[in-house]
Amino acid sequence: MAYQYDHILIRYGELSLKGKNRNSFIKQLLSNVKKALKGFEGLEYEKSHDRMYIYLHGENADEVCEILKKVFGISSFSLAIKTKPDMDAIIQACKESLDLSHPKTFKVAARRNDKTFPIISDQINRLVATEILKNSDWKVDVKHPDTKIVVEVHADAAYIMTDRIPGAGGYPVGVGGKAIVLLSGGIDSPVASYLMMKRGVHIECIHFAAPPYTSQNAQDKVMELARLISCYQGDILVHVIPFTDLQLAIYQNADESYAITLMRRMMMRVATKMAEKRHAQAIATGESIGQVASQTLESMEAINAVTNKPIIRPVVCMDKVEIIDLSKKIHTYDTSILPYEDCCTIFTPKNPVTKPKIERCLRYEARFDYEKLVDRCVEDAVSVWVHPTTDQSEEEDLF
């Protein structure tokens, strides 16, 4: 082939529906793309109203594409050749970009963005197809072609593409505000984190550690889960909360059947204070209706009562099979099932209440100074930046 792909053309996803907010969405998407591809120093970027272009300048196209697949806000993208908006140049670029030595079926799909271009789309299709038929054993198949040749004609250039790669969809991370996600070592909360980011929400995570009852392995497992999902955002800040004293106080002052409900209420109080410190507008969890005792509607009502922050539960109506399938898609499943238990699992009572009464929760909580313990949890939190690469994480003193 005489031509090599020198551009990537990016098509916007749902953000194209946002009307007056469109420009800010595109600006955020460009920022996210640059951040995701910061390891490729040779790239150059250009954005327009309906497309974004990446000039490769010799960078590895396949490696760039693999990263772009995980950037939310992209509907699809294509490797492209840029040529002059001239019919002879378009035909030549189409022919020379294809390996015509082996018989295939094909279809040409032209799009004339520049309506002043003198040749209409259907005629472009015919002219390109005619030249390919003359110079090869390829055959036209408009319904199920082996290769689809896309030609886009703009005022300043024409683009030839032979592949359409699906993007991650959703909104660019950052346009939907910020949320604090309760990240456990289970299957559900990493999936919930992924879904929050897909809706354009920037996330920070909190993890509740209860040493010596929970192990360092359990915390390392959570950090690995955070690393696996960080590729969708660029990096994730994880706040590790020392929860032992608060958890023991619950068991010393309350009936065991209420322990999980009270523990979740305390977690929401901690998450609320952390959200206020980190200027987050919401709290998100991996809860799904009916999976465990603390996830009945009655339990959720009792847990929600301690905060005025919106609590978002992205997987609340998904069954376990659906959640597992999505966890496998985002490659968190194998880590989630490692046998290192978090504090929720270790301290689960034999007979947890499924329909807790808020009045009874308040009666138990009045027996100890939980507010002091909650404040200490936030003050003693250790905050760690987690990056997609395994050798990049560092603690940060934020408070």
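1. Proline 212 sits in the loop that runs between strand 11 (202-209) and helix 6, and a cis peptide bond, with omega of about 5°, joins proline 211 to proline 212. Helices (H or I, at least four residues) and strands (E, at least two) are DSSP runs, numbered from the N terminus.

2. The model is a predicted one, in which local features need pLDDT of at least 70 and side-chain atom pairs count only at pLDDT 80 or more, while totals for chains, interfaces and linings use all residues. Residues are numbered from 1 along each chain as its sequence is written, and side-chain values use heavy atoms, with hydrogens and water left out.

3. For the protein as a whole, the secondary structure comes to 14 helices and 16 strands, and the C-alpha atoms fill a box of roughly 85 × 40 × 40 Å along the principal axes. Of its 399 residues, 53% count as buried, where buried means under 20% relative accessible area, exposed over 50% and partly exposed in between (1.4 Å probe, protein chains only).

4. Histidine 57, in the loop between strand 3 (51-55) and helix 2 (61-68), has a phi near 50°, a positive value in a residue other than glycine; at 53% relative accessibility, histidine 57 counts as exposed.

5. Histidine 279 lies in the loop between helix 8 (259-277) and strand 13 (282-284), and although it is not a glycine, histidine 279 has a positive phi of about 55°. With a relative accessibility of 62%, histidine 279 counts as exposed.
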